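User: I would like to go through this model step by step. Please start with the terms, then take my questions.

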Amino acid sequence: ASTPAAMSSPAISQQLPPWWPKAAAIAGGAAASLLALRLLSSSEGAAAPAGKAAAPKAAAPVANGAAPGADLAAKAVQECQAEAVRKYVAEVGDKLSAGVGQSTLDSAGELGKYLAFKDQYRTRFMARPDVGEGQLLKVTDWYRLTPEDYDRTTFHVEVDVRGTSIEKLVNGADGKALSVYATNDPAAVKKFLDAMGLDPFALVSAEEIAPQEEEGTVVLTTVEKLFTQYLDLFGKPTREFLKKLAPFAQDILEKVKIAELTLERKTEEFQDRQARAMTFAEYLMEFKSLKIPLDKYVELIPTIKQRVYSICSSSDYRPGKCQLLVVREDWEAKDGKTKFGLCSSFLTFVRPGQYCVGHSTHSVMKIPDDTTVHIFMAGLGTGLAPFRAYVEQRKYQKDRGAKIGKMTLFFGGRYSKQEYYYQDEFDAHEKEGIVKCCNAWSRDVPGKKVYVQHKIKEEEDDIWEQLGKPGSKGYFFLCGSKQPEKDVYKTLLGIMQSKGNMSESQAQAKMEELQAAGRYVTEVY
């Protein structure tokens with residue numbers, strides 16, 4: 001593998017648009033690289049620079065070199081990924097505003113040889129080369145579902161999946177979820193880079209993060225993109241991180257301080273730091289004598305992992321769209337500061353026209369193939385998501401002449417006025433006879449807390465007839481926070497006993513039978 005050397009070539013400047021260095025500076029060279037490749041595609045290939053006729057095959061700034069003989073499915077995914085990037089570049093290219101000096105823009109030309117001599121280097125781009133299935137998805141809708149002054153931020157977000165490899169793999173009613181890869185807050189990353197004296201526009205290898213199968217491939221990005229898109233800079237470190245960090249401290253006292261935090265006698269201090277939710281960034285900025293080579297950060301800090309969200313839409317009902325129901329996660333650290341989840345915060349501030357990386361993921365929440373069976377659904381908070389997709393799927397089937405069975409939704413929240421997500425939609429579906437809504441609001445009436453298990457008990461006759469009675473064919477699904485699942489399960493056991501005249505052991509056996517048959521399904525977190 002090799003890294004690009006600085007060079008100036010008329011072949012580059014003549015064929016690239018004048019705003020290309022600006023795009024390279026902002027997008028880490030990524031979007032600009034692909035555009036350059038597209039603009040150069042009509043030429044027969046410029047001559048390679050002196051001494052480079054046998055140059056290694058390369059990808060810049062980030063790439064995914066497909067191994068020879070890769071199967072057709074993998075190639076199809078790569079083609080969709082490349083097309084998504086082309087659309088992105090075509091849309092944002094002329095709108096970019098670097099906000100940096102000309103000297104910085106000029107330095108972006110280091111990427112030039114990988115762009116101008118595409119036949120020799122086979123330059124490609126991927127949004128996240130370490131995520132093989134990752135697709136660049138455009139956000140097309142975002143709106144808040146809870147009031148602005150409410151203590152929970154719950155919202156709806158939509159991405160466009162038309163033309164992507166996951167277009168047919170994001171039906172929330174068909175056992176599909178969406179894995180989303182967040183990016184760190186750019187302002188917080190800038191603050192960190194400034195504190196550490198790191199050049200945000202310097203090129204850095206990402207091969208440690210995204211090793212490629214094809215021999216001779218190099219994977220490059222910029223420092224700013226490395227810390228924004230790849231490394232979990234604001235995640236919570238373990239003691240293993242401190243063990244790896246200590247050797248980079250130049251001051252002996254700081255070296256000892258870091259090393260001591262890994263010892264048993266310093267467990268209380270380390271746990272206190274954990275309780276205050278100290279991040280990798282805070283540790284790195286705390287110890288001023290740290291001298292960490294640029295290529296070592298990828299060994300110290302793990303990459304940003306996916307966050308999986310239930311899909312709240314049916315892609316049959318809403319072709320080309322994938323919609324999510326999300327609540328911003330927050331908690332109070334020991335020092336009293338409010339902390340927020342990385343991915344839910346990322347989605348909180350993303351807006352239509354912006355992009356995210358995601359891919360389809362398996363979920364157990366799959367609507368029965370038989371459209372006529374009765375479906376009972378218990379959605380707790382944002383656990384409502386897959387059941388909105390279920391209802392949309394049944395609506396789609398009904399509109400096309402299919403006979404559909406009954407649906408009963410038990411939705412649990414605190415206040416009806418603030419937390420009845422998609423109320424207008426569910427009211428319309430209920431009016432049409434597609435679903436019966438049995439909502440439980442735990443704080444609407446002072447002194448009277450109503451939970452989903454209470455509403456489930458009220459429907460015990462139907463539940464016994466469709467779920468417990470011999471020969472019944474109904475299904476029961478539950479999605480949401482883990483704790484209420486125990487109460488729901490206990491209520492269902494009671495229904496089996498009271499309505500079916502079963503003993504406790506017989507009711508337990510019946511519930512286990514339903515679980516084994518896939519007729520009692522839960523997805524809790």
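Analyst: Helices (H or I, at least four residues) and strands (E, at least two) are DSSP runs, numbered from the N terminus. This is a predicted model, where local features need pLDDT of at least 70, side-chain atom pairs count only at pLDDT 80 or more, and totals for chains, interfaces and linings use all residues. Residues are numbered from 1 along each chain as its sequence is written, and side-chain values use heavy atoms, with hydrogens and water left out.

User: How many helices and strands does the chain have?
Analyst: The DSSP runs give the count. The chain holds 22 helices and 15 strands.

User: Is Gln 135 buried or exposed?
Analyst: Buried means under 20% relative accessible area, exposed over 50%, partly exposed in between (1.4 Å probe, protein chains only). Gln 135 lies in strand β1, residues 135–144. Its relative accessibility is 0%, so Gln 135 is buried.

User: Which side chain makes a polar contact with that of Gln 135?
Analyst: A polar contact is a pair of N or O atoms within 3.5 Å; within protein, one must be able to donate a hydrogen and the other to accept it, and residues adjacent in sequence count only if both atoms are side-chain atoms. Contact in general means heavy atoms within 4.5 Å. Leaving out residues up to four places away in sequence, Gln 135 touches several residues, including Val 77, Cys 356 and Thr 164. The polar contact, at 2.9 Å, is with the side chain of Ser 165.

User: What is the strand order of the open sheet of six strands?
Analyst: Two strands pair if DSSP finds at least two bridges between them. Strands β1 and β2 (residues 154–160) run antiparallel and share six bridges. The edge strands, each pairing on one side only, are β6 (307–310) and β7 (321–327). The order is β6-β3-β10-β1-β2-β7.

User: Which residue in β2 is the bridge partner of Trp 142?
Analyst: Antiparallel bridges join β1 to β2. The partner of Trp 142 is Val 157.

User: How is α20 oriented against α21?
Analyst: Axes are lines fitted to C-alpha atoms, for helices over the stretch in contact, and angles run from 0 to 180 degrees between N-to-C directions. Helix α20 (residues 460–468) and helix α21 (residues 483–500) pack at about 90°, with axes 10 Å apart. Angles under 35 degrees count as roughly parallel, over 145 as roughly antiparallel, 65 to 115 as roughly perpendicular and the rest as oblique. Therefore α20 and α21 are roughly perpendicular.
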